[in-house]
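This briefing covers the ligand site, the pockets, the cavity and the backbone of one model. Please keep the structure open while you read.

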Amino acid sequence: MTMLSDGTRMIPLGDLGTAHARIQEELSEAINSVMASSAFVLGAEVEAFENEWASACGVGHGVGCGNGTDALELALWAVGVQAGDEVITVANTFAATGEAIVRCGAIPRFVDVTPDTLLMDLDAAEAAITPKTRAIVPVHLYGSCVDMPRLMAMARRHDLLVVEDSAQAHLATVGDRRAGSFGHAGSFSFYPGKNLGAIGDAGAVVTDDANIAGRLRRGRDHGRVGKYEHTIIGRNSRMDGIQGAVLRVKLRHLEDWTRRRREIASTYRGALAGIDGISAVSEPAGATGVYHLFVVEVDGREEFRAALAAQGVSTGIHYPIPLHRQEAFKSILSQPPSLPVTELAAERIVTLPLYAEMSEEDIAQVVSALATAGAARRVA
Ligand SMILES: *Cc1c(COP(=O)(O)O)cnc(C)c1O
């Protein structure tokens, strides 16, 4: 662990080294078995993981692919989004959400978020529907689900397709159903830093629809049926055998890790209740978040981050530039939308360290740094 000059330990935003060291034997065994079988691309481990992941999500089919961005793009294509369609999503997300929509030939329509959760504002989404709207991509950002029962009712009313960007929401629930299981399909990323992470790039789509799953299997593997026949123009976005094997090992620990994340989040929330001027982003009513990221909002963000850094607490910003303000998307949007809640939040959000491997001492250090930073802000 990095130290400050006064010997204070610098708490990182994540600690994959410790996570992996704790299950090193299980991981080595899994990796060695793939080496022994030479099943490096797709294969038995990937297939087993696809089934285990689908069942963890409570759906019938899982299709592994190269990464979470491809997973979302393939899912949009597989459910039937076509060139020229409009797809409603949010700008408060990682660039991949918008990229996947554009790569399908569709046009992203960014709508605002609600001020308490920073997730899609469903009234704004409904107001953005036009005759060209084909799909909605809710993003379960930070590990908290959008109100999916309400979103699905709206989608049915307007005959829209729904693909859930669940890249940050492994095992998150609304009621008793999991992220990715509400829409026509749900995409996941297993980028190493995600709540369930591979040791390289990997992703998957889950769906209850066998036809969509079939299209995905062909789409990710050169449009292939059998070995030599190619029925559609596909691509190469397959999951590696080693990633499948590693993900199976880690999936066995995911519920424990998630429980720990929620415990830490609840400690932070308790501490923040007594500190003025630092407010945690809310968990939506009826949903159980998995805290991929613990995000707070403050005025004077740079001073706040500096105060935490001085006490050995790393912070991040997810995300400082909303997609409608990104150079890459400007040329695509005929007129840039006005998203006041998103824009204000982008200036105020700060991500605190939260990962399952944090020790009680680490957590106490973050809590005490928050209290000190909060007190300094009251005086200032
Ligand atoms: C990580 C992420 C993605 C993309 O996943 P990759 O595996 O990195 O391609 C998409 N959407 C969101 C919200 C993400 O956080």
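The shell around the ligand has five nonpolar, seven polar and two charged residues. Here Ala, Val, Leu, Ile, Met, Phe, Trp, Tyr, Cys and Pro count as nonpolar, Asp, Glu, Lys and Arg as charged, and the others, Gly among them, as polar. This is a predicted model: local features need pLDDT of at least 70, side-chain atom pairs count only at pLDDT 80 or more, and totals for chains, interfaces and linings use all residues. Residues are numbered from 1 along each chain as its sequence is written, and side-chain values use heavy atoms, with hydrogens and water left out.

**Ligand site**

- The ligand is surrounded by 14 residues, and the closest are Gly68, Thr69, Gln168, Ser189 and Lys194. A residue counts as near if one of its heavy atoms lies within 4 Å of the molecule.
- Helix 4 (68-79) and helix 5 (95-103) each give at least two residues to this shell. Helices (H or I, at least four residues) and strands (E, at least two) are DSSP runs, numbered from the N terminus.
- Polar contacts are pairs of N or O atoms within 3.5 Å; within protein, one must be able to donate a hydrogen and the other to accept it, and residues adjacent in sequence count only if both atoms are side-chain atoms.
- A polar side-chain atom of Thr69 is 2.5 Å from a ligand oxygen atom. For Ser189, a side-chain N or O atom lies 2.6 Å from an oxygen atom of the ligand.
- Asp165 places a side-chain N or O atom 2.8 Å from a nitrogen atom of the ligand.
- The ligand alone exposes 380 Å², and the protein buries 92% of that. Accessible areas come from the Shrake-Rupley method with a 1.4 Å probe; for residues, only the protein chains shown count as cover.

**Pockets**

- The ligand takes up the space of the largest pocket. To sit there, more than half of its atoms must lie within 2 Å of the grid points.
- A pocket is an open set of points on a 1 Å grid over the protein atoms alone, with protein on both sides within 12 Å along at least five of seven lines; a cavity is a set where a 1.4 Å probe fits but cannot get out; lining residues have an atom within 4 Å of a point.
- The largest pocket holds about 820 Å³ of space. Its lining has 43 residues, with Tyr191, Pro192, Gly193, Lys194 and His292 closest to its centre.
- Volume is the space filled by probe spheres set on the points, which are joined across faces, edges and corners.
- The second largest pocket has about 240 Å³. Of its 17 lining residues, Thr114, Thr117, Met120, Asp147 and Pro284 are closest to the centre.

**Cavity**

- The count is one cavity of 30 Å³ or more. The largest cavity holds about 110 Å³.
- Its lining has 14 residues, with Tyr142, Ser144, Val281, Ser282 and Tyr291 nearest the centre. By class, nine are nonpolar, three polar and two charged.

**Backbone**

- His318 and Tyr319 are joined by a cis peptide bond, with omega about 10°. Tyr319 is in the loop between helix 10 (301-310) and helix 11 (327-330).
- Leu171 is not a glycine, yet has a positive phi of about 75°. Leu171 lies in the loop between strand 5 (161-165) and strand 6 (173-174).
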